[in-house]
There are 2 protein chains.
Amino acid sequence: MVGAGQLARMTCQAAIGLGIGFRVLAASSTDSAALICADVTTGDYTDLPGLLAFARGCDVVTFDHEHVPGGHLAELEAAAGPAVRPGPAALRYTQDKLAMRERLRALGVPCPRYAPVTDLAGVTACAREWGWPVVLKAVTGGYDGRGVWVSGTPAEAAAVLAHPVAVFAEEHVGFEAELAALVARSPHRQAAAYPVVQTVQRDGVCREVLAPAPGLPAAVARDAQRTALELAAELEVTGLLAVELFAAGGRLLVNELAMRPHNSGHWTIEGARTSQFEQHLRAVLDLPLGDPRPTAPHVVMANIFGAGGGPGPSGPGVSPGSGVSPRASAVSPDIYSRFVHVMAADPGVKVHMYGKQVRPGRKIGHVTVLGGGPAGLRERAARAAAYLSTGNEDSE
Amino acid sequence: MVGAGQLARMTCQAAIGLGIGFRVLAASSTDSAALICADVTTGDYTDLPGLLAFARGCDVVTFDHEHVPGGHLAELEAAAGPAVRPGPAALRYTQDKLAMRERLRALGVPCPRYAPVTDLAGVTACAREWGWPVVLKAVTGGYDGRGVWVSGTPAEAAAVLAHPVAVFAEEHVGFEAELAALVARSPHRQAAAYPVVQTVQRDGVCREVLAPAPGLPAAVARDAQRTALELAAELEVTGLLAVELFAAGGRLLVNELAMRPHNSGHWTIEGARTSQFEQHLRAVLDLPLGDPRPTAPHVVMANIFGAGGGPGPSGPGVSPGSGVSPRASAVSPDIYSRFVHVMAADPGVKVHMYGKQVRPGRKIGHVTVLGGGPAGLRERAARAAAYLSTGNEDSE
């Protein structure tokens, strides 16, 4: 797997279960997956010889992120070596958002209105049709709210256009909810769909995932699954495809695509018979897919964010008993004492920490709770996630 | 964790989830956990300086097996370093089975009748009282049926006594079922009990685990849990305690104790809210214990054994697609083709492979299935386990 963030970390856990050899290409030895994987190559995925060397001896190469240059992917695929899954032709639509929009339009998939723009005149022309605000999106490289600017005025749009970044314009959709439809597809063209979830975002970053999406009519959920399955087939995706959607005015509009394990699917570790991480491995290895059905009527996942002000690490370790971790600092109180609090308060909460250095706002873990009814679950998940944030519980 | 077998491997997976630093002391770099753990020390646990060096920098030392010499455990505990959990005083009762029997008798816990023996006259004296066969057990070092000899005649007993191994005699219990009660206990004296399971053994080796034990009266199950909780407290166990019991004539007799994750608890990975591996970590780190309740009405685990005749490895990897693994051989067909079969036939089966070199009869993995009724589950688990055996499906 190219990339060694938390997605690779959790995929590694699934690979261990299946007894599958698993190697990561990490930018740094302190990357989330590099801390726990037994087979780590440290290197830069933009360095083609290094990428090819990393892939040598692998049967399949897959990805923790969508940032490997398209030319490198083509070279990797051309080398008489590993299968590249998903392949460059599919990955292109996660790397070039304008190409994705054009492809979706060609396929007749409902999306927000959009237009290529090169200058302020182009943006104001869009605004005349759609109204302000106008969303400006980086054509490449954006994720987790980066590369997306909601411009309320021509002056704000001009400020965005001053960046040396290619953007396009999109209408600002006043949605009722954000949904995600996660499916898997294998080279054998077997496919499996998870229940459609609601994602709760703040500042463009996912905070909570509710599975299944509360109050979503069954017909709409089926529509979302069908759209995701059709897109996976049309784009010839191998592995996972996460389709982020806006539910707006009784319609579903496709917002984003990802072809990898996705934050909206972390709930599946405990909440589905087959986790998204195992499912991704099964799909890219062309193994029969696992049962995607939920294990409980309601599941809630909440992300844990680094609070605090400094670079104080939580590190990969916790310190037990009365001991104080040498890694603890005043800025980032020892995570162990937070474990004690959270676990004592709620023995059913499932804690996942990524071992990442703490930076304010960075995702450093998640929690999952599941059970019979959604309301209490959200409160439990939010409380646990807030407490595990390395700042203090008020900061979340 | 001292030892790097499959128990350490699955504990490592749990440690990754919690973000806990985890180091194993492996006899060999090809040990099950050594293949997947990012922090491996290779060495001999009977080498005291090596053991102390391994433990340096750890907060807690715990164990994948019970073979570390008692004197070494005492030195480890005396060193101003990590906490040793469980401690030597508790572990003694898993290392010296005669001491265990004597302690249980002193505590009034029902056990099979037993007697120290040094010669054939001692064994025949037991047989006069209990009848043949008589069970001879190694005082130290036995596990998985090793170190246990069922002697039907004085000649068979004499053959056992000819080994240079200290043994004691036990009555042969004609049990209706073998049960296991798994509990966890932390230094804070918090305890948690899993549902009592039935274990199905052949040749002294666990083949299947049925959770909960089918047909077990609730009062008897509570009795077994109470016995395990009381023993954990009396013996001051920290971590897991597995109590193996015979159900015989309406009574429960304690057969064996283990103070670590246990084969009878593998079903908890999917079948309980908190897996035994996470629970062991929480207990030895003195964190609040997790919810031990089941996730489904019935869960069945079946072990996968190496069949075949040779040392052909399944190795830590599988080969995808149409590729053939370089590690495959005629003796041990590529595990990947078996994955295809098992996963296609049963998308709900959970496969766990340990990456171990195959030897006939060796445990190389396990499968878990869960659902509403126990009968179909046993059949599904047995079929999947048989197919994943590296011989052929008839060998299981």
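Tutor: In this predicted model, 44 residues of chain A are in contact with 44 residues of chain B. The size of an interface is often given as the accessible area lost when the parts come together. For chain A and chain B the buried area is about 3800 Å², and carbon and sulfur atoms account for 57% of that area.

Polar pairing comes next. Across the interface of chain A and chain B, 15 residue pairs are in polar contact, counting pairs with both residues at pLDDT 80 or more. On the chain A side, four elements each supply at least two of the residues that touch chain B: helix H1 (6–18), helix H10 (276–284), helix H11 (335–345) and strand E16 (350–353). Sorted by class, that side of chain A has 25 nonpolar, 11 polar and eight charged residues.

Side chains of opposite charge can pair when their charged atoms come close. Between chain A and chain B there are two salt bridges. In a salt bridge between Lys350(A) and Glu278(B), the closest N and O atoms are 3.1 Å apart.

Over all chains, the structure holds 28 salt bridges. One that lies within chain A joins Arg226(A) to Asp223(A), at 3.0 Å from N to O. Both residues, Arg226(A) and Asp223(A), belong to helix H8 (residues 218–234) of chain A, where they sit three residues apart, about one turn of the helix.

Searching the whole structure gives seven cavities of 30 Å³ or more. The largest cavity has a volume of about 950 Å³, and its lining is made of 43 residues. By class, the lining of the largest cavity consists of 18 nonpolar, 17 polar and eight charged residues.

A few backbone details remain. In chain A, the peptide bond from Ala211(A) to Pro212(A) is cis, with omega near -10 degrees. Pro212(A) is placed in the loop between strand E12 (205–211) and H8 of chain A. In chain B, the peptide bond from Ala211(B) to Pro212(B) is cis, with omega near -5 degrees, and Pro212(B) lies in the loop between strand E12 (205–211) and helix H8 (218–234) of chain B. Arg189(A) is not a glycine, yet it has a positive phi of about 70 degrees. The loop that holds Arg189(A) runs between strand E9 (177–185) and strand E10 (191–193) of chain A.

Terms used: Residues numbered from 1 in each chain as written. Chains lettered and ligands numbered in written order. Heavy atoms only, no water. 1 Å grid on protein atoms, 1.4 Å probe; cavity = no way out; pocket = protein on both sides within 12 Å on 5 of 7 lines; lining within 4 Å. Points joined across faces, edges and corners; volume = space filled by probe spheres on them. Nonpolar A, V, L, I, M, F, W, Y, C, P; charged D, E, K, R; others polar. Contact = heavy atoms within 4.5 Å. Buried area = accessible area lost by both parts, 1.4 Å probe. Salt bridge = Lys/Arg side-chain N within 4 Å of Asp/Glu carboxyl O. Polar contact = N/O pair within 3.5 Å; in protein donor to acceptor, adjacent residues only side chain to side chain.
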